[in-house]
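Please look through the structure shown below with the sequence beside it. The paragraphs that follow begin with a single residue and then widen the view.

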Amino acid sequence: MTLTPEPQAWMGSETDVARLEQDLEDLSAQYLQQFGEASLDDGNIVTLSKLYAGAKRLHEAVKEGAVADAIVEIGANLIGCEQMAVILARGERDKVAFIGSAGLNRRQLDSMHMNARAIIEEAGMGAVYMASGGEEPDPFLSSLGIVAFVPFPLDYATKGGIVLFDLLPQRDGLDSSDRELLKLLGAYAGPCLSTDKGKDQETSDKGKSQEISDNEKDLEPW
Amino acid sequence: MEKKLLLVDDSSTTLLMEEMLFRTHTKFQLVLARNGEEAVRKALAELPSLILMDIVMPKMNGFAACREIRKHPALKRVPIIMVTSRGESWNVEEGFESGCNDYVTKPFNVAELIEIVNGYLMGQKVE
C-alpha cells in the first residue's frame, strides 16, 4: 500500500504553490477518508492518523506563513522528537540557515554549526534517512547523533532538510509509521518552506533565522 | 445523551489528530481548547464527560487547569487524562497530585487512546 507520493519537481512558481496547496488538501482528505473507513485494529491506522495530521498541519502552515514552526510541532507531537533542526541552504554557496529548531543542546548545536553543509551533501538527492527500522546506519550521521534526516529536494538539488536528534524517552526508535510521515515531509516540507519567502522565516527558539557555515563556529545559540 | 469530550492542547497537530479520531470513530460531541484558561472556562460552561489535557501550554498549564477544574463540584468526578510528551516520573506524579485520572504520552497510538477513553466513558474503568 503506497501512502505517500513521490516528490515532484518544485520551482516555486505561482502554479507550483497552487498545486502544492491543492495536493495537501487532497492528501489530507484522502487520509481522513481512509482513516474513517479503517477499523481501529487495522495495521495502517497509526500511519494514516500521522499522515492526516501531518498533511493537514502543513496545509494550515502554508496559509499561516509559519511552516518551520509547524514542522517542529509535527516532530514533537507525531514523532516524539524534541531535539531537532530545520536547515535550508540560501544564497551564497556555503551559507546554511537554521529556520526552525527545538531543544538542541550545546553539543548538537556545535555539531550543526560545523556540519550542516556536510549533512546536506551526505543526503545528496537521496531518500529519507532513518537510523532504525531496518535501515543500515549512516556512519557519518550516526556519529553526530542524528537518528533521522529528511532532505528537501528543491530546484533539482538538496537544499536543506530536517535533522532529528534524540527521541523522547518513551520512544524506543522510529517505526514504519514514522517513515511514512518523514516521506511526506520529504515530499512537501521543502516546497512549503519556500512559500514562506519574504515572510522573514523565524526559528522557534530565538525568533530569527540564523546563518551558519563552516567558517562561523562562534555563533550564540538560538 | 451523547457524551461530550473536552480536548485541550496548544498544538494544532495534536488537536487535528484527536478530532479526527473521535469524529470518525465515535459519536462523542467535541469541544476544543488551546490553553489551560480556556479549558477551565469551557469545562465549566460545557460540563464535559471527559477531558484530554496537555500539560505544557500558554497562559495556564495542564496541572494548574486540572487543579482549578477540580475545585468545582460539578467537575470533581469528570475523568481527566493528561496527554503529553512529558513522561518523566515526577511529571506523572504531579499530574496525579493535581487531580488527573490517567496519563498518556505523545506520540500516542490512536487505537490505544480511544480504548482508554472508552474505558472511562463506557464504565469499564472507574475512578
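Phe149(A) lies in strand S4 of chain A, which spans residues 148-154, in what is a predicted model. Is this residue, Phe149(A), buried or exposed? Phe149(A) counts as buried because 24 C-beta neighbours fall inside 10 Å, where a residue needs 20 or more to be called buried. Once its neighbours within four places in sequence are left aside, Phe149(A) is in contact with Ile119(A), Ala123(A), Tyr129(A), Leu141(A), Gly161(A) and Val163(A). A further distance can be checked by eye: Phe165(A) stands 16 residues from Phe149(A) along the chain, and the C-alpha atoms of the two are separated by 9.0 Å.

Stepping back to the whole of chain A, one finds six helices and six strands, which follow one another along the sequence in the pattern α-α-α-β-β-α-β-α-β-β-α-β. Chain A has 222 residues, and buried residues make up 50% of them. Among the contacts in chain A between residues at least 6 apart in sequence, 67% join residues at least 24 apart. Strand S1 of chain A, residues 84-89, is joined to S2(A) by six bridges, and these two strands run antiparallel; within this pairing, Val86(A) has Gly100(A) in S2(A) as its bridge partner. Strand S2 of chain A, residues 96-102, is largely enclosed by the rest of the structure, because seven of its seven residues are buried.

As a general matter, nonpolar side chains in soluble globular proteins tend to be buried together. Here the largest nonpolar core has 105 residues, and those that touch the most other members are Ile71(A), Ala148(A), Val163(A), Ala189(A) and Met53(B). Helix H2 of chain A, residues 45-64, gives the most to this core, with 10 residues. Met53(B), for its part, touches Val8(B), Ala39(B), Gly62(B), Ala65(B), Cys66(B), Ile80(B), Ile81(B), Met82(B), Val83(B) and Cys100(B), if residues up to four places away in sequence are not counted.

Where the two chains meet, the contact takes 24 residues from chain A and 19 residues from chain B. On the side of chain A that touches chain B, the elements giving two or more residues are helix H1 (14-37), H2 and helix H3 (67-79) of chain A, and H2(A) gives the most, with eight residues. Sorted by class, this side of chain A has 13 nonpolar, five polar and six charged residues.

Chain B contains an open sheet of five strands, with parallel pairing and the order S2-S1-S3-S4-S5. At its edges are strand S2 (29-33) and strand S5 (102-105) of chain B, each of which pairs on one side only; direction ignored, neighbouring strands of this sheet are turned by 20° against each other on average. Strand S1 of chain B, residues 4-8, is joined by five bridges to S2(B), with the two running parallel, and Leu6(B) has Val31(B) as its bridge partner in S2(B).

Helix H2 of chain B, residues 36-46, packs on the sheet, where it touches S1, S2 and strand S3 (50-53) of chain B, and its direction makes about 170° with that of S1(B). The buried residues of H2(B) are Gly36(B), Glu38(B), Ala39(B), Val40(B) and Ala43(B), and what covers them includes S1, S2, S3 and helix H3 (62-70) of chain B.

Leu47(B), which follows H2(B), is in the loop between H2 and S3 of chain B, and its phi is near 45°, a positive value in a residue other than glycine. Leu47(B) counts as partly exposed because it has 13 C-beta neighbours inside 10 Å. Lys59(B), in the loop between S3 and H3 of chain B, has a positive phi of about 70° although it is not a glycine, and with 13 other C-beta atoms within 10 Å Lys59(B) is partly exposed. In the loop between S5 and helix H5 (110-121) of chain B lies Pro107(B), which is joined to Lys106(B) by a cis peptide bond with omega about -5°.

As for the predictor's confidence, the mean pLDDT of chain B is 92, and 97% of its residues reach 70 or more, while the model scores ipTM 0.90 and pTM 0.88.

Conventions:
Residues are numbered from 1 along each chain as its sequence is written. Chains are lettered from A and ligands numbered from 1 in the order in which they are written. This is a predicted model: local features need pLDDT of at least 70, side-chain atom pairs count only at pLDDT 80 or more; totals for chains, interfaces and linings use all residues. Two strands pair if DSSP finds at least two bridges between them. Helices (H or I, at least four residues) and strands (E, at least two) are DSSP runs, numbered from the N terminus. Axes are lines fitted to C-alpha atoms, for helices over the stretch in contact, and angles run from 0 to 180 degrees between N-to-C directions. Two residues are in contact if their C-beta atoms, placed from the backbone, lie within 7 Å. A residue is buried if 20 or more other C-beta atoms lie within 10 Å of its own, exposed if 12 or fewer, and partly exposed in between; C-beta atoms are placed from the backbone. pLDDT is the predictor's confidence in each residue, from 0 to 100. A nonpolar core is a set of buried Ala, Val, Leu, Ile, Met, Phe, Trp, Tyr and Cys residues joined through C-beta atoms within 7 Å. Ala, Val, Leu, Ile, Met, Phe, Trp, Tyr, Cys and Pro count as nonpolar, Asp, Glu, Lys and Arg as charged, and the others, Gly among them, as polar.
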